[in-house]
Amino acid sequence: MTNSNYRLLPARDEYVQVSIYLNRVHLDGYTPDRAIAQLIEMGYAPTLQYQWNPKRNEFDLFALIHDRPIADSLMDKQACDALWAAFNQSSLYVIGCEAAQNSNWLAARSFDDPRRHATPEEIEPLEANASAAA
């Protein structure tokens, strides 16, 4: 049984959610441990979150560093520039909207990720998320 408090959920409506995709930090020259240490050095307090990846039959691990209403977001241009300078290939920046409240969501890693432009019918439902939402 999994604890849903640690599952990466869609950003709430009008929230900014920023996380670092720990499975990909090697593309930015980090180990997962060093990436977490770098985030702490940058002033963040990361919390570990997961998302089940059915294609690879394994978990994707994220360091969630920001989840706040847009009006209260601390992710200004300076903060974003510093984050992307350090984590260009592994950052995930999400702005929540009503459509994101789908329990079968799957985060796109980058602007090139084909899921970014996919319709809901083209995205394979995630069994772990669907059963947890029930």
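In which helix of the protein is confidence lowest, and in which is it highest? The structure is a predicted model, in which local features need a pLDDT of at least 70, side-chain atom pairs count only at pLDDT 80 or more, and totals for chains, interfaces and linings use all residues. Residues are numbered from 1 along each chain as its sequence is written, and side-chain values use heavy atoms, with hydrogens and water left out.

**Confidence**

- Confidence is lowest in helix α3 (residues 127-133), with a mean of 43, and highest in helix α1 (residues 32-41), at 96; here pLDDT is the predictor's confidence in each residue, from 0 to 100.
- Over residues 108-134 the pLDDT is below 50, and this stretch has 35 contacts in the model beyond near neighbours in sequence; a contact means heavy atoms within 4.5 Å.
- Where pLDDT is low, the predicted coordinates should not be read in detail.
- The average pLDDT of the protein is 74, and 66% of the residues score at least 70.

**Overall architecture**

- The protein has three helices and four strands, where helices (H or I, at least four residues) and strands (E, at least two) are DSSP runs numbered from the N terminus.
- Read from the N terminus, the order of the elements is β-α-β-β-α-β-α.
- Among contacts with a separation of 6 or more, 67% are between residues 24 or more positions apart.

**Surface and burial**

- The protein has 134 residues, of which 36% count as buried; buried means under 20% relative accessible area, exposed over 50%, and partly exposed in between.

**Asp60**

- Asp60 lies in strand β3 (residues 58-69) and is buried, because its relative accessible area is 4%.
- The side chain of Asp60 makes polar contacts with the side chains of Asn53, at 3.2 Å, and Arg56, at 2.3 Å.
- A polar contact is a pair of N or O atoms within 3.5 Å; within protein, one must be able to donate a hydrogen and the other to accept it, and residues adjacent in sequence count only if both atoms are side-chain atoms.
- Beyond its neighbours within four places in sequence, Asp60 contacts several residues, including Tyr21, Asn23 and Gln49.

**Ile65**

- Ile65 is also found in strand β3, and it counts as buried because its relative accessibility is 11%.
- Ile65 and Val18 are 47 residues apart in sequence, yet their C-alpha atoms are 5.8 Å apart in space.
- Not counting residues up to four places away in sequence, Ile65 touches Val18, Ser19, Leu39, Tyr44, Pro46 and Leu83.

Terms used. Buried < 20%, exposed > 50% of the residue type's maximum accessible area, 1.4 Å probe, protein only.
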